[in-house]
Each structure stands twice: as structure tokens, then as C-alpha cells.
Amino acid sequence: MTSVTEVRGAANRAPTTGREHRAAGHGAWFLVLPALIPILVLSVGPLLYGILLAFTDAQSGRTEPTEWIGTLNFRDLLHDTLFWDSFRIGLVWAVGVTVPQFLLALGLALLLNQELRLRWLARALAIIPWAMPEVVVGVMWRLVYNPDAGILNETLRDLGLGDGRDWLSGLATALPAVIVVGVWAGMPQTTVALLAGLQNTPRELHEAAAMDGAGAWRRFRTVTWPALRPVALAITALNFIWNFNSFALVYVLTSGGPGGRTRLPMLFAYEEAFRYGQFGYAAAMGCVMVAVISVLLAVFLVGRLKGERDT
């Protein structure tokens, strides 16, 4: 039976417990604040400023005050065929890089997950492109694609497959050539993510499936892929965002040429802002890109998640 003293003690401790919870909450905010401030200053702040800039006529070298023009920049974008051409090229680039990137990375991750000799060395070599800056990758592949002394054309000449061609300057070859570089440069991080997912798959499930007579393809379809699907979904969505927002790699390789065949939306917005000085118009482009990509990703993720629930 509870005594009167215990009841009074519990009643006296209740306010103290509430104060302790509030103190813990304040302490948590105090610990998070050093990491939160850089995010607000370097990410959220510029984003909000860019959205605000999209509704103005901000230009470089302008002596008159910047004025609020509402949605005029967005109305102009609707009729800007060059921008929508670059947007189409950006989607082709993003899909053309993301899909082969994932398929090749999946095959490489499955290979590196096997018990191979010198597996540690193979894993280290596989992530070398990831450690290289995009500018270095672009310069290196410009040398590979060099029409006169590039290793690609030299190899084609040695094999008797023609005199070679200018891959980065041809209207038909520039975008495919850049896509190849994008796949090569972005495959390592996808491989690392998928390899981590494979290593988290219980080996006992594979052994049980093998004892039941399941072949390699059936084990992959019924054991490996269901466990790997969440990782694959996340890394595919992230890769699509990263690839669509690419700038440095394509800028070093082609600067958007020839004839705008590799002018991605980020390059188009960069030229509008820093070559032609149309800061407000370029900011409106950025807002449209964020909105459209967010919608596409939302549709993709909802469809994939719905498919997972149905299965």
C-alpha cells in the first residue's frame, strides 16, 4: 500500500521532471545550433534570396534600383525555347547517365562482394574516379577525346576502324561522349552504396535459398534485390538530382557546345547570370528547375514506394 509520504514525494518530483525535460530540450538545441547555423547561412539563406531575386529585374552593371516585377521573368521563361531545349537536354543527360551508372555499379558491386583474391585492391581501384575532382576528370577526358593525339582515336586508327573524329565537337557525338564521362565519374559512389547494401544482406538467406535449389538469378531476384531495393531507390534518386545539376564536368568538357547540344540548364542559367548579367532571369530559371525536378522525383518515389507496398 502506498504511503502518504510517497505520494507527496511523487507530487513534489513531478514539476522537477518537467523542468528537466525542458532543460534537456534546450540542451539539445544548443548542441544542434553549431551545425544548424551554417546550413541556414549557406543553404537556406541563399535559396530564399534566389527565390526573391526571381521576382525582380536584377541585372549586373545596373545603376537604377532593382524593382519588383512579379512573375514577369516566369512568363518570359514560358516562351523561351532555348531554355526548354536545355531542359530537355538536361533530362536526357540525367537519365542517360543515371541508368547506365546504376546498372554498371550494380554489376561491379555484385562482383566486389564475392570472395576474390586481392578484393581489397579491387575495391580501392574502383573508387579512384570518385576521389578525383570533376575539373581534373574533365581535363583528363578531353585528352582522351583529343581528335589528333587522343588515346581513343589512336586506338581506333591502330585497329583500322577509321581515322578518328572530334568527339566533343561533333553535333551527333558530343552529348553521348559527355554521358560516357558522367557514367565513369559517378559510378564509384553508386557502387559503394550498393556494396554496403549487399553486405547487410544476411548470408544465411542465400545459403537457405541455395539448399532449396535456387539458382543464381532466382537468389538475386528473391533474396538480394528485396534487401537492396531501399538502397537502390535512394541512390537512384540522389544520382538523378546530382546528374541533372551537373555543371563543372560538362563546362570543362564542352562549355555547352557545339551549338548548344550539351548546354544543360545549369550552364544556361550560369550564362544568363554571369555572361549576360540577367540575375533575376537566371534566378527564375533556378526556381523552375527546382520545382520541376521536385515534382518528377516525387512521382518517381511515390510510384516506387507504392510498388513496394503492393509486393
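Glu154 and Arg157 lie three residues apart in helix α7 (residues 151-158), so about one helical turn separates them. Helices here are DSSP runs of H or I with at least four residues, strands are runs of E with at least two, and both are numbered from the N terminus. The two residues form a salt bridge whose closest N and O atoms are 3.3 Å apart; the term requires a side-chain nitrogen of Lys or Arg within 4 Å of a carboxyl oxygen of Asp or Glu. Glu154 is partly exposed at 33% relative accessible area, and Arg157 is partly exposed at 29%. Buried means under 20% relative accessible area, exposed means over 50%, and partly exposed lies in between (1.4 Å probe, protein chains only).

The model is a predicted one, in which local features need pLDDT of at least 70 and side-chain atom pairs count only at pLDDT 80 or more, whereas totals for chains, interfaces and linings use all residues. Residues are numbered from 1 along each chain as its sequence is written, and side-chain values use heavy atoms, with hydrogens and water left out.

A search of the whole structure finds two salt bridges. Besides the pair in helix α7, Glu271 and Arg263 meet through their side chains, at 3.4 Å from N to O. Glu271 is buried, with a relative accessible area of 12%, while Arg263 is partly exposed at 23%.

The secondary structure of the protein consists of 13 helices and zero strands. Of the 311 residues, 34% are buried. Among contacts (heavy atoms within 4.5 Å) between residues at least 6 apart in sequence, 66% join residues at least 24 apart.

The protein exposes about 19,000 Å², of which carbon and sulfur atoms supply 66%. Accessible areas come from the Shrake-Rupley method with a 1.4 Å probe, and for residues only the protein chains shown count as cover. One nonpolar surface patch of about 890 Å² includes Leu33, Ile37, Leu40 and Ile51. Patches are made of residues with over 30% relative accessible area and no salt bridge; like charges are joined within 9 Å and nonpolar side chains (Val, Leu, Ile, Met, Phe, Trp, Tyr) within 5 Å. Leu33 lies in helix α1 (residues 4-53) and is partly exposed at 39% relative accessibility.

Confidence is given as pLDDT, the predictor's score for each residue from 0 to 100. The protein averages 84, and 89% of the residues score at least 70. Over residues 6-16 the pLDDT is below 50, and beyond near neighbours in sequence this stretch has one contact in the model. Where pLDDT is low, the predicted coordinates should not be read in detail.
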